Amino acid sequence: LATRERPDLILLDVVMFGMDGLEVCKRLRADPALAETPIVLLTVLDDAGVRDRGRELGATAVWLKPFGPEQLLERVSRLLGPKPRAASL
């Protein structure tokens, strides 16, 4: 899906059923089309090993949960930067 849709940002929970977010991150980074796409791992695990492994696999950031929607929007905005202004006609 990420290869087809080419998102501006990928948010991944570390703990998921079937395949964890670390494995998904590794697979996404193996795709050259997604090499520059920011990947953020979300986790409740306050574990340096998870953070280090995530960064080794190419995660842009690891954010500890919980946080509210306002905090999420603020973090995403900081990561992606300001939106380009629409060209005036």
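1. A salt bridge here is a side-chain nitrogen of Lys or Arg within 4 Å of a carboxyl oxygen of Asp or Glu. The two residues sit 3 apart in helix 3, so about one helical turn separates E56 from R53. E56 counts as exposed at 60% relative accessibility, while R53 is partly exposed at 36%. (Buried means under 20% relative accessible area, exposed over 50%, and partly exposed in between, with a 1.4 Å probe and protein chains only.)

2. A word on the ground rules. This is a predicted model, in which local features need pLDDT of at least 70 and side-chain atom pairs count only at pLDDT 80 or more, whereas totals for chains, interfaces and linings use all residues. Residues are numbered from 1 along each chain as its sequence is written, and side-chain values use heavy atoms, leaving out hydrogens and water. Helices (H or I, at least four residues) and strands (E, at least two) are DSSP runs numbered from the N terminus.

3. By the salt-bridge rule, the count comes to 6. One of them joins R27 to E23, with the closest N and O atoms 2.9 Å apart; these residues are 4 apart in helix 2, about one helical turn. E23 is partly exposed, at 27% relative accessible area. Another links R78 and E74 at 3.2 Å, again 4 residues apart, this time in helix 4 (residues 69-80). R78 is exposed at 59%, and E74 is partly exposed at 48%.

4. Helix 2 (residues 21-29) deserves a look from the other side too. Its buried residues are G21, L22, V24, C25 and L28. At the N-terminal end, D20 caps helix 2, with a side-chain oxygen 3.1 Å from the backbone nitrogen of L22.

5. Finally, the strands. Strand 1 (residues 10-13) runs parallel to strand 2 (residues 39-43), joined by 4 bridges, and L11 stands opposite V40. On strand 1, I10 and L12 form the covered face, L11 and D13 the uncovered one. In a regular strand, side chains alternate between the two faces of the sheet.

Definitions and conventions. Pairing = 2+ DSSP bridges. Polar contact = N/O pair within 3.5 Å; in protein donor to acceptor, adjacent residues only side chain to side chain.
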